[in-house]
Amino acid sequence: MTERRDSSAQQREVGVRSGRAAVAVILLAVLVVLTGCTIDRPGEDVEAAPVAQVTIAPTAGATDVDPVAPVSVTVANGTIDQIALTNAAGKQITGRLSPDRTTYEVTEPLGYGATYTWAGTAVGADAKPIPIEATFTTISPQSTIPATINIGDGQEVGIAAPIILKFAGPVTNKAAVEKALTVTTDQGTEGSWAWLPDDGGSRVHWRPKNYWTPGTTVHVDAKLYGVDLGGGAYGDSDVTSDFTIGRSQIVIANAPSHRMQVVRDGATIFDFAVSYGEGNEPRNVTRSGVHIVTEKYEDFMMSNPPYYTNVRERWAVRISNNGEFIHANPESLSAQGSSNVTNGCINLSPGDAQAYFPTALYGDPVEVTGTSIELSQADGDVYDWALDWPTWKSMSALPAE
């Protein structure tokens with residue numbers, strides 16, 4: 001009995017020892033697994049979060065920067081936290097931050113000859129701030145030249161009206177200027193710019209290939225600020241205009257007939273007896289060709305020495321800058337409708353001139369025919385329709401499309 005008890009005890013002891021060994025093996029395996037996550041492996045680097053990369057345009061320290069060139073800050077691997085561009089006086093320049101805060105763009109033109117400073121911070125994916133710091137300077141022109149446009153906002157003009165941009169100084173870089181000019185219409189009107197001679201400045205005209213379509217709306221955008229005009233001069237400011245083409249009214253003026261018709265939208269509303277230039281010498285010839293109405297006066301003092309000086313004329317409608325008007329002249333009343341005796345103007349009776357006067361609109365064409373001299377550059381600054389279309393297009397500074 002004692003021997004059996006000993007045998008059973010031995011078995012129990014062996015079982016206990018086996019169980020303990022199994023537990024030890026399991027614990028060792030778990031320990032190896034747990035400690036395996038922290039074992040360093042030579043040659044392998046832990047990947048760090050990316051640092052913000054800041055790009056500034058124009059670059060820091062840039063000089064002679066175009067004041068209308070794009071100005072921006074862009075951040076890769078991060079976002080813009082704070083940003084401001086200020087001038088030397090500390091005024092902040094208007095800008096726009098993108099919704100994802102990765103780009104900031106300046107939205108207003110800068111000044112000439114000015115220094116601007118960036119200040120701000122960007123934050124990378126590593127959560128660390130990066131300073132945004134830079135300074136640049138815009139170009140300092142020798143001079144700036146303003147420009148004016150002949151047609152104002154909201155104006156209604158006739159179907160032959162040219163668009164005229166006149167510069168207060170000479171422009172030699174004409175191609176660059178013309179690229180900055182656009183004419184937009186709701187009718188898709190075909191037209192072209194042409195550079196015409198000018199004393200003391202420069203001027204460029206735009207006219208359609210054919211008369212404007214009545215009712216056309218027109219937008220002119222001359223983005224001249226920041227444009228190099230040549231000779232050290234730059235554009236002073238932008239110029240715009242929004243106007244409308246009115247009804248169609250054409251004056252038909254045939255000198256041999258001694259009459260003048262006013263045709264409104266295809267219907268003759270007036271047929272007047274008139275007298276044209278006598279034609280006894282070139283200065284007294286009413287010029288043939290398409291004139292346009294440019295201005296009008298109820299009273300106007302006219303001179304044409306040696307024939308007369310400071311004579312008061314009524315209901316005067318100017319049709320060229322060589323002194324040609326359509327106006328009342330009671331002195332030539334007996335010749336109106338039968339002979340041409342004037343010094344070049346188109347004379348009407350006082351009643352007829354008064355009737356026509358209020359209907360005349362800037363840009364109305366006056367088509368004169370039947371005389372010995374054609375309208376030309378010698379007759380003033382508005383002779384746009386005296387040039388055929390190929391000639392007109394050739395006067396552009398840009399190659400024809």
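The structure is a predicted model, in which local features need pLDDT of at least 70, side-chain atom pairs count only at pLDDT 80 or more, and totals for chains, interfaces and linings use all residues. Residues are numbered from 1 along each chain as its sequence is written, and side-chain values use heavy atoms, with hydrogens and water left out.

**Confidence**
- The chain averages a pLDDT (the predictor's confidence in each residue, from 0 to 100) of 90, and 88% of the residues score at least 70.
- Over residues 1-44 the pLDDT is below 50, and beyond near neighbours in sequence this stretch has zero contacts (heavy atoms within 4.5 Å) in the model.
- Where pLDDT is low, the predicted coordinates should not be read in detail.

- In strand E14 (residues 202-208), seven of seven residues are buried; strands are DSSP runs of at least two residues, numbered from the N terminus, and buried means under 20% relative accessible area (1.4 Å probe, protein chains only).
- Ser202, Val204, Trp206 and Pro208 point one way from E14, while Arg203, His205 and Arg207 point the other way.
- Strand E11 (residues 163-167) runs antiparallel to E14 and is joined to E14 by five bridges, with Phe167 as the bridge partner of Ser202.
- Strand E13 (residues 191-196) also pairs with E14 in the antiparallel sense, over six bridges (pairing needs at least two DSSP bridges), and Ala194 stands opposite His205.

**Arg287**
- Arg287 lies in the loop between strands E21 (267-273) and E22 (289-292), and is buried, with a relative accessible area of 13%.

How values were computed: Buried means under 20% relative accessible area, exposed over 50%, partly exposed in between (1.4 Å probe, protein chains only). Helices (H or I, at least four residues) and strands (E, at least two) are DSSP runs, numbered from the N terminus.
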